[in-house]
Amino acid sequence: MSELKLPELGENITQGTVTKILVKSGDAIKKGQNILELETDKAVLEVPSSVEGIIEEVLIKSGAVVKVGQAIFKLGGGESAGTAKSDTIAPKVEEPKKIPDPQPVASVEAAQSQKPNAQPSAPGAIFEMLLPALGENIEKGTVTKILVRVGDVLKKGQNILEIETDKAVLEVPSNTEGLVKEILIKNGAAIKVGQPIFKIEGNTVSNAPASAIPAGKQETEQPLKEKTPSAASASVEKAAAPLTAIAAGPLPIRKDIPAAPSVRLLARELGIDIGQVPGSGHGGRITTDDVKAYCKMLNTARPSSAGSALVSKPLPDFNKWGSARREAMSNVRKKTAEHLSHAWNSIPHVTQFDKVDITELEKLRKSISGTNKKISVTPFIIKVVAQALKKFPQFNSSVDMATQEVIFKDYINIGLAVDTDRGLIVPVLKNVDRMSILQISDELAAMAERARTRKTTIEEMQGGCFTISNLGGIGGTSFTPIINWPEVAILGVSRGSMEPVYIDGNFTPRLMLPLSLSYDHRIVDGADGARFIRWVCEALQQPSALDVTK
Amino acid sequence: MSTSLPLVVIGAGPGGYAAAFLAADLGMEVAIIEKEPNPGGVCLYRGCIPSKAFLHAAKIISEAKHAKAFGIEYNEPKIDINKLRDWKKSVVSKLTGGLGQLARARKIKYIQGEASFINSNTLKIKKTDGSVEELSFQKAILATGSRPSVIPNLPQSPDIWDSTAALDMENIPGTLLVVGGGYIGMELGTVYHEIGSKVSVVEMTPGLLPGADRDLADVLYKHVKGLFNKIMLETKVIKMETSSNGITVTFADKEGKEFKEEYNKVLVSIGRRPNSENLGLENTKVKITPRGFVEINDQRQTADPSIFAIGDIAGDPMLAHKASHEGRVAVETIAGLKVAFEPQAIPAVVFTDPEISWCGLTEIDAARAGREVSVAKFPWAASGRALTLDRTDGLTKLIIDPKTQRILGMGIVGVGAGDMIAEGVMAIEMGAVAQDLKLSIHPHPTLSETIMETAESFFGHSTHIYRPKKMN
């Protein structure tokens with residue numbers, strides 16, 4: 001049995017406050033695995049283990065101040081912590097030697113050996129090309145089309161396969177070059193990332209992107225990416241993309257970045273690519289505080305190690321009360337769970353309810369619906385919401401707490417939550433403000449068809465500004481929709497019903513449609529929330545003002 | 001030989017000694033291998049320092065002559081070349097001796113000799129005392145510098161100098177041809193002009209100081225055109241032959257017309273080449289580019305993980321201050337720190353009269369990269385300080401990003417330009433915008449005010465220049 005001591009955290013960092021313990025008694029830990037989250041005066045850091053073994057006892061508590069060299073766990077099995085020197089381990093970097101050997105310019109082998117999809121590069125060598133990473137945690141799919149033949153000469157970036165995943169049909173580009181000697185997969189086959197797909201005769205170094213990625217970056221990239229909302233739950237914002245920033249290997253040199261040398265050094269020490277840090281100063285100048293805020297954002301925005309927030313408390317044994325079974329979550333389910341938890345946890349929600357009299361709208365809708373062309377109420381709502389977003393720009397924004405900024409968008413893209421047999425997806429209608437109600441109606445029909453046939457692309461599920469969730473087809477009087485982060489509001493539509501409404505001294509039957517608007521209270525005040533939904537209701541109430549063709 | 005030394009630095013120029021000193025300060029056991037008895041390298045022995053000593057002497061002569069213009073007249077100076085040379089030597093030995101003391105104080109093992117690699121972790125050292133020893137090491141820093149490039153097939157003659165011979169200053173030639181209008185040729189040409197030689201310059205390209213922005217180089221050209229005997233641009237040297245009074249040189253002008261002139265001495269200053277040969281690098285994994293530079297990464301590590309390279313051998317620009325900075329990056333990397341060589345601006349200074357300096361982006365760079373920039377200029381005719389020096393032949397300019405207004409580059413020509421460029425480096429490294437320079441109070445009356453006024457002129461309202469408003 002041995003003790004695991006807090007390793008060196010980087011220059012001048014001698015202690016920190018434990019913000020999270022990522023392992024528990026009985027866990028088998030691996031070298032490089034994150035074991036603690038520590039807040040230092042520089043930033044929140046994840047501390048990787050320098051040894052392997054089984055945790056016998058946790059010697060520290062959340063909130064405690066620990067010093068470098070202090071015993072944090074009692075370990076059994078694996079490599080004795082005593083023999084492993086507490087090396088200078090920079091945050092999240094596993095460096096077995098005291099003296100790091102940054103990737104030498106020409107050493108491609110080293111980079112490749114760390115890369116799951118590495119391939120030999122000897123001239124004329126035949127190697128297996130593996131299915132490259134498809135992005136956004138897509139691990140597997142079904143081959144729907146093979147776009148190359150034996151004898152083809154592959155170029156990097158050329159599309160080689162069409163794969164249907166549970167999110168969308170993807171075209172897979174080649175990450176290598178060479179002559180296709182044999183095709184190892186068949187149409188309709190289920191394949192996994194990393195599985196051999198072709199035999200290639202190559203004479204060039206393949207995987208150029210791999211050698212460009214510092215060794216070790218791959219591991220760090222994954223947990224970060226998990227937080228970005230993926231297609232399943234719509235809108236992968238470009239702004240969220242840089243969240244792949246904390247790198248383990250040598251960072252690239254950034255020319256032309258407005259940051260002082262001391263700021264660039266701090267970023268380098270923290271493993272942050274200075275090119276990704278938004279600058280708050282004049283001319284985009286990046287300050288020390290910008291780097292710290294960015295680092296903190298990266299560390300806190302991440303789900304507490306691979307979505308463990310969802311399983312943080314131990315579950316009871318449900319079989320005690322009758323039979324129960326466990327089923328793996330589908331990818332769409334996992335994404336939805338992660339994305340909505342993140343939205344629910346990070347956005348202070350308020351939901352405002354209202355009812356709109358759509359008696360007149362219903363008349364208009366029926367009058368323009370033909371026998372073979374049915375127009376639903378949804379295009380009308382989308383059109384009115386698009387107008388409302390122009391009138392209330394804070395509803396067409398995103399909140400960046402890291403930089404204390406609000407991002408206002410000049411475009412209006414509205415997502416529509418669609419219930420499919422594989423779960424919830426949110427395709428986005430782009431630039432709806434420039435579409436007529438009839439165009440929106442047509443586009444909605446096409447979108448629904450694509451969703452039904454699993455043809456919805458990932459691009460189609462990105463870039464939303466606002467989401468509408470219409471459950472009216474099923475029923476219900478109101479509900480509290482969860483905002484589709486990084487958007488700031490969502491409109492829930494329930495089922496319309498005839499109600500007696502007191503008009504001019506009489507109760508008159510009117511068709512009333514209940515609406516529920518959830519908004520981000522950080523950026524939208526209560527009065528504005530009420531004004532927004534009132535504006536939408538009044539616009540829908542006076543359909544004569546709506547021109548369906550414009 | 002049995003124990004392996006943590007760090008050995010090969011070559012003790014400004015890169016090598018800075019690296020070794022820092023390594024010692026960080027607690028590493030370190031050795032220096034160097035031919036000379038003390039650290040210093042080309043810069044201190046045969047480059048920056050001796051040339052600047054001579055240029056100081058030249059400046060005094062030139063200013064004394066110039067004083068006639070405002071009523072102060074001196075007799076022709078008497079030049080004791082032996083005393084001048086001795087003074088230069090004393091400057092060099094004071095500096096190099098001081099570095100030797102600093103090395104000893106840091107307990108650095110100083111091995112006088114020449115090293116070559118047996119493999120990636122062993123060196124063979126031919127010591128100056130004749131003995132040979134092997135040294136095994138964990139990390140090595142290559143800092144062997146560069147030497148003057150030579151023109152092939154020249155006659156063997158003591159009348160053909162390289163920069164080293166020119167700095168030895170054996171005598172003052174009656175006539176001197178400088179081959180190459182780069183900074184070394186222009187600096188040494190200035191020295192010999194002032195101590196009495198008739199100096200001519202021949203340059204292949206259409207202008208002096210290729211690489212510097214033309215508006216800066218033009219100011220220098222105008223000044224030296226009146227002083228030097230002849231400046232031949234777009235002219236090639238075809239042949240050199242020894243003759244009764246020195247060297248007869250055959251030129252070809254841009255039309256290809258050939259002509260001959262005779263000079264007492266010819267100084268060949270056509271550039272420098274890295275010292276990457278005869279080091280046994282073929283016994284390591286180090287890779288060398290076709291131009292002879294050692295390939296390195298951002299940490300100055302070569303393709304051989306145990307060997308780093310810094311300074312002239314590691315690539316352009318071949319400047320002492322770049323080498324020192326690289327030395328510190330290499331040592332800090334070896335010490336396990338996360339650093340990289342990532343300057344936003346490396347200053348360059350030409351110590352001619354007038355001086356030229358620049359840093360960051362030049363107009364030439366911007367044009368080559370197709371990058372849109374705004375250029376703000378301030379001619380020194382509007383500077384009070386320049387007038388009091390009777391040297392209004394100067395120009396300060398800023399290269400500015402038109403979108404963010406960030407300072408991307410600075411260029412200065414004029415007396416004292418070398419000392420002023422540091423402000424530009426600071427502005428660029430700190431990500432300053434034009435307004436920062438405009439709003440920082442600069443002391444009056446100094447030449448540094450021209451920087452502030454250049455920034456003001458970017459906004460269209462420099463105090464000392466009136467620009468009529470555009471009418472439209």
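**Close-up views of a two-chain predicted model**

**View 1. Surroundings of B:Lys88.** B:Lys88 touches B:Pro50, B:Ala53, B:Phe54, B:Leu167 and B:Asp168, leaving out residues up to four places away in sequence; contact means heavy atoms within 4.5 Å. This is a predicted model, in which local features need pLDDT of at least 70 and side-chain atom pairs count only at pLDDT 80 or more, while totals for chains, interfaces and linings use all residues. Residues are numbered from 1 along each chain as its sequence is written, chains are lettered from A and ligands numbered from 1 in the order in which they are written, and side-chain values use heavy atoms, with hydrogens and water left out. B:Lys88 is found in helix H4 (residues 81–105) of chain B; helices (H or I, at least four residues) and strands (E, at least two) are DSSP runs, numbered from the N terminus. B:Lys88 is buried but has no salt bridge, and the nearest side chain of opposite charge, B:Asp168, is 4.5 Å away. Buried means under 20% relative accessible area, exposed over 50%, and partly exposed in between (1.4 Å probe, protein chains only). A salt bridge is a side-chain nitrogen of Lys or Arg within 4 Å of a carboxyl oxygen of Asp or Glu. For charge, Lys and Arg count as positive and Asp and Glu as negative; His and the chain ends are not counted.

**View 2. Two cis peptide bonds in chain B.** The bond from B:Asp316 to B:Pro317 is cis, with omega near -10 degrees. B:Pro317 sits in the loop between strand E16 (307–309) and helix H8 (320–334) of chain B. A cis bond also joins B:His444 and B:Pro445, with omega about -5 degrees. B:Pro445 is in the loop between helix H12 (434–439) and helix H13 (449–458) of chain B.

View 3. B:Leu209 is not a glycine, yet has a positive phi of about 45 degrees. Its loop lies between strand E9 (198–202) and helix H7 (214–225) of chain B. B:Leu209 counts as buried because its relative accessibility is 4%. Phi of B:Gln405, also a residue other than glycine, is positive, near 65 degrees. At 25% relative accessibility, B:Gln405 counts as partly exposed.

**View 4. Strand E12 of chain B and its partners.** In strand E12 (residues 246–252) of chain B, 7 of the 7 residues are buried, so the strand is largely enclosed by the rest of the structure. Strand E11 (residues 236–243) of chain B pairs with E12(B) in the antiparallel sense over 7 bridges; two strands pair if DSSP finds at least two bridges between them. B:Met240 has B:Val249 in E12(B) as its bridge partner. The hairpin of E11(B) and E12(B) has 2 residues between the strands. E12(B) also pairs with strand E13 (residues 258–263) of chain B, antiparallel, over 6 bridges. Here B:Ala252 stands opposite B:Glu258 in E13(B). The hairpin of E12(B) and E13(B) has 5 residues between the strands, and B:Gly256 in this hairpin takes a positive phi near 90 degrees.

**View 5. The largest nonpolar core.** This core has 47 residues, and A:Ile414, A:Phe466 and A:Ile468 have the most contacts inside it. A nonpolar core is a set of buried Ala, Val, Leu, Ile, Met, Phe, Trp, Tyr and Cys residues joined through side-chain atoms within 4.5 Å. H8(A) gives the most to this core, with 8 residues.
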